[in-house]
Structure formats: C-alpha cells, structure tokens
Amino acid sequence: MASTEEIRSGLADIVNDVAGIPAEDVQLDKSFTDDLDVDSLSMVEVVVAAEEHFGVKIPDDDVKNLKTVGDAVAYIENAQNA
Amino acid sequence: MPSALPAATRVVVTGLGATSPVGGDATTTWSALLAGTSGAHRLDDEWATDLPARIAARVAVEPAEVLDRVKARRLDRSGQFALVAALEAWSDSGLADGGADPERLGVAIASGIGGVTTLLNNYDKLLQKGPRLVSPLAIPMLMPNSPAANVGLAVGAKAGVHTPVSACASGNEAIAHGIDMIRLGRADVVVVGGTEAAIHPLPMAAFANMQALSRRNDDPEKASRPWDVERDGFLLGEGAAVLIIESAEHAEARGATVYAEVAGAGITADSHDIAQPDPAGLGATRAMKRALEESNLAPRDIFHINAHATSTPQGDVAECLAITNALGGETDHVVVTSTKSMTGHLLGAAGALESLATVLALKHRIVPPTINLDAIDPAVKLDIAREQRSLPDGDIAALNNSFGFGGHNVAIAFRSA
C-alpha cells in the first residue's frame, strides 16, 4: 500500500500532466477548482488517470465530493485498503 | 466590368501567419517556396508500412515545440496548427497590441476533414480500454469548428466565429466569408484561414483507394509534379495558414502595414459529380469570372495565378482550360504556378496557404517556382513558372484557385497594395 505522501505525490504528477499545475503546488489543503484551477473536464481526466495509476475505481457520483487534494488522497487510500 | 456591389468596402490584408511543410512561420515558408524546397518525406512509421502511398509532407516545425504543453494537449493537431498560424498573423498585424474592438472582430477558419486524428485515436482507446478511457475533451477537440473557436478565444473575437467546410476549397471559402463579413458590415477585422491534419492511415488509405495519391514512394520529393507528364496523384500535406483581413478604412485609421488588397471572391458549384471535377472546367471558369467581376478587374489586370493544380492527371489540365476560358484567352502575360509542388496538398488549408503565397508574390513581385516540371504536359498552353519569376511594377492583380470534392470552386482575387 502506498503512503499518504506517495499518493499525494503521484496525484500531483497527474495534475501537472493534465493541467500544467506545478506539482509542488498540489498540496492536501488545496481545492482543485478554487486553488488549482482544475476545470471539470480536466478533473475527469485526472480521475481516470488516477484510477489507472493507483488501481482503484472512483465512480462519477463520488468525484463531486472530492473538493480538495486531501479528499482525493484519502479516497484513494481507503479504496486501496478496501 | 462594373461591380454588382457599387462602392463595395475595400478589404486589405494586414497580417500573415503559417506553419507548413516547408517552414514553421510565414517568412520561412515564403523563403522555402522561392528556393524551390520540397516538404515531402517518406513515412517511416510502422502504421504506414502497408499503405499504397507511404509519403507525405508533414509540418517542418512540430506545434508542440511552439505551443504551451497544456494548451497543446487540449487541441487536435489541426487546432494546434491553426493556433500557431493565427497567433503569428495576429502579432504580425499589430493587433495583438490592441486596436481591434472584440465585437467587431470575427474569425473564419476552415478545415476540410476536422479533428480526424482525435476521433480515430479515441476510437482506438474505446476498443482497447473501454468507454471510460475516451477523453472528455474528445468532442471539443474533434469538432470541425474547434480550430476556429480556439483561435476566436485566443484573439477575443465576438463578431462571429465560422468554419466553412468545402473539402479542398475550404480555405478559400473562409477568406470569401471574411470578405463578406466586412462588406456586410458585420465586422471590421476577420481572422481568416484554413488548417488540416489528416496524415493518418485511415484518410491516407481512403485517398489512395480513390486513386488520388501519388505512389512515388521511392522518391517523395518528386511526387508532387503538377502539369508534368509523369504526375500520378497528389502528395498529402498538413499545416495551417492565416491572414488578417480588415476594411481599408480600419487599417488606415490605425496605420497598419498593408500587404495587398483582397479584392473579391467567386464561388460556384459544378453540380456534376461528388468527386470528379466537371471535365470542361465550367464551374472553375465561372468561379474565376465571378471573382474578377466582384473585384472590378479585367482579364488583362491578372498577372499571376496560384493554381489549384494538385498533380492529378485530369484536374491539372482541366484547370488550365478553365483559366484560358475565364480570361477570354488573354493569358500571355499571366505567370501561373503551383506551390503544391513543394508543400503537397493541404486540403482544407490549401486555399489559405496559397492565398498567403499569392499575397507575398504581389508584395515582393516574385512568383515561386513549380518544381518537378521536367516534361510539361502538351495539353498545357499556359506560362508555368519553372523557376522564380518576377512580376511587373504598378497596379497588378492575381488569382488563387481552390477546388474541392463535392464540386466546390472558389477563386480569390488579390490586388497589389
């Protein structure tokens, strides 16, 4: 199982690739939309890339609850441990 | 001949941009055309192995080297080309520093086929990995109006953004649409042009199966040879070209540098066949005549024609006949060329790139050569430029022809500034 920091770091690389946000800005307390300017279409791309990278499923209904990077990291951590 | 539109608004060209098989910008492209440089290459990709035609003219500079990475990944390749060319033209016009009212600024950027590589690449993902992996950006990338819309966003155009689609006549039709927007009072400035990115096995197989492509696979630089007796089809090219056109009044008020006047357009349809041109070139003849009429030009005013001439056995000769008929036989002083001999055929971008070449020919009074014309077809009675040719001083005019599958014919008339 990946550590919280490993998940954050992997997610940061994905956000950087999709949206061009510097990976070091992708911290747990940041909001995808308000702080990182990740729009809804880019968020779909981030989710699909994260599913593939971390080997988890993130249903569309759950995506809307992932407001911050911390929300997404916790979701992926739980899904991996499930 | 008097114009049907008395006192029509004069429209001028004030900016140029291109990314083509022979250069990453307008200046490099023009120098390469004057030097007779071919942009053709053999396709060494694995996907090309089984194709009947394994040659093409890719852009000289990959757009990924020029555009911001994140911006580029949200655009189809055709949209990338259009944005590169449009930003260059916009900057060249001086309008990037201000001077255009967004509500009086329009866009008409054409494409023949649209985002075909995005469509097909996403279909591959659908088959291989399922619907979840189809990009949420696929629709805004593949829609044919995507390049025009993205250029509109980049320059802040709010007077209307359009995408004429008429196969290989599309680029010229976009220019015609831009002229209309200005003459109808809908815009002062219009970003016009065309883009195409169709070097992919499916369109290449389809064109080859139509017997449209040259199969000179062992000698790609010799493949595009308009009017030569050994021509055997066109060479597929890719890229984009964009012109900034505006009312002469608007250009003058802001002290813009004018390359040439875009005097008028002639648009006709053959109503003959979906793929074959009218063998007598009647539709093409009428397009050129109407361009002259709309522009208040007489045949003796035309000193240069950038022909559609794609290097196909029938089309090249039919166009020559059409030129002779349109000018009433007054062709002795007309220098004709086909820059497709160097760039290949850019389909929906062809009219735009060749209009750019026509504008620069009028400005610099030089006609680029038609390369590979080793033995001219005896049916061709026109003066074809085999090397650089000079044009006379004074007030002269030129035509650029584009014809497309579907029977579309669009001629644009330009006048020296």
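In chain B, helix H3 contributes B:Ser78, B:Gly79, B:Ala82, B:Leu83, B:Ala86, B:Leu87 and B:Trp90 to a contact, meaning heavy atoms within 4.5 Å, and from helix H6 they meet B:Pro147, B:Asn150, B:Val151, B:Ala154 and B:Val155. By class, the residues of this contact are 9 nonpolar, 3 polar and no charged. For the classes, Ala, Val, Leu, Ile, Met, Phe, Trp, Tyr, Cys and Pro are nonpolar, Asp, Glu, Lys and Arg are charged, and the others, Gly among them, are polar.

Before going on, the conventions. This is a predicted model, in which local features need pLDDT of at least 70 and side-chain atom pairs count only at pLDDT 80 or more, while totals for chains, interfaces and linings use all residues. Residues are numbered from 1 along each chain as its sequence is written, chains are lettered from A and ligands numbered from 1 in the order in which they are written, and side-chain values use heavy atoms, with hydrogens and water left out. Helices (H or I, at least four residues) and strands (E, at least two) are DSSP runs numbered from the N terminus.

Back to that pair. Two packed helices are described by the angle between their axes and the distance between the axes. H3, residues 77-93 of chain B, packs on H6, residues 146-155 of chain B, at about 35°, and the axes are 9 Å apart. The axes here are lines fitted to C-alpha atoms, for helices over the stretch in contact, and angles run from 0 to 180 degrees between N-to-C directions.

One residue of H3 in chain B is B:Ser78. Is B:Ser78 buried or exposed? B:Ser78 is buried, at a relative accessible area of 1%. Buried means under 20%, exposed over 50%, and partly exposed in between, with a 1.4 Å probe and protein chains only. Apart from neighbours within four places in sequence, B:Ser78 is in contact with B:Gly114, B:Gly115, B:Pro147, B:Thr195, B:Glu196 and B:Ala197.

Now two backbone points in chain B. Most residues other than glycine have a negative phi. B:Gln211 has a phi near 65°, which is positive, and is found in the loop between helix H8 (201-209) and strand S7 (239-247). B:Ser311 has a positive phi too, near 90°, and lies in the loop between strand S9 (302-306) and helix H11 (313-326). B:Gln211 is exposed, with a relative accessible area of 60%, whereas B:Ser311 is buried at 0%.

Chain A next. What elements does chain A have? Chain A has 4 helices and 0 strands. The C-alpha trace spans about 30 × 25 × 20 Å along its principal axes, and 41% of the 82 residues count as buried. Of the contacts in chain A with a separation of 6 or more, 56% are between residues 24 or more positions apart.

In chain A, the axes of H1 (residues 4-19) and H4 (residues 69-81) come within 10 Å and cross at roughly 120°. That makes H1(A) oblique to H4(A), where under 35 degrees would be roughly parallel, over 145 roughly antiparallel, 65 to 115 roughly perpendicular, and the rest oblique. This contact has 6 nonpolar, 2 polar and 2 charged residues. Among the H1(A) residues in it are A:Ile7 and A:Arg8, and H4(A) residues include A:Val73 and A:Glu77.
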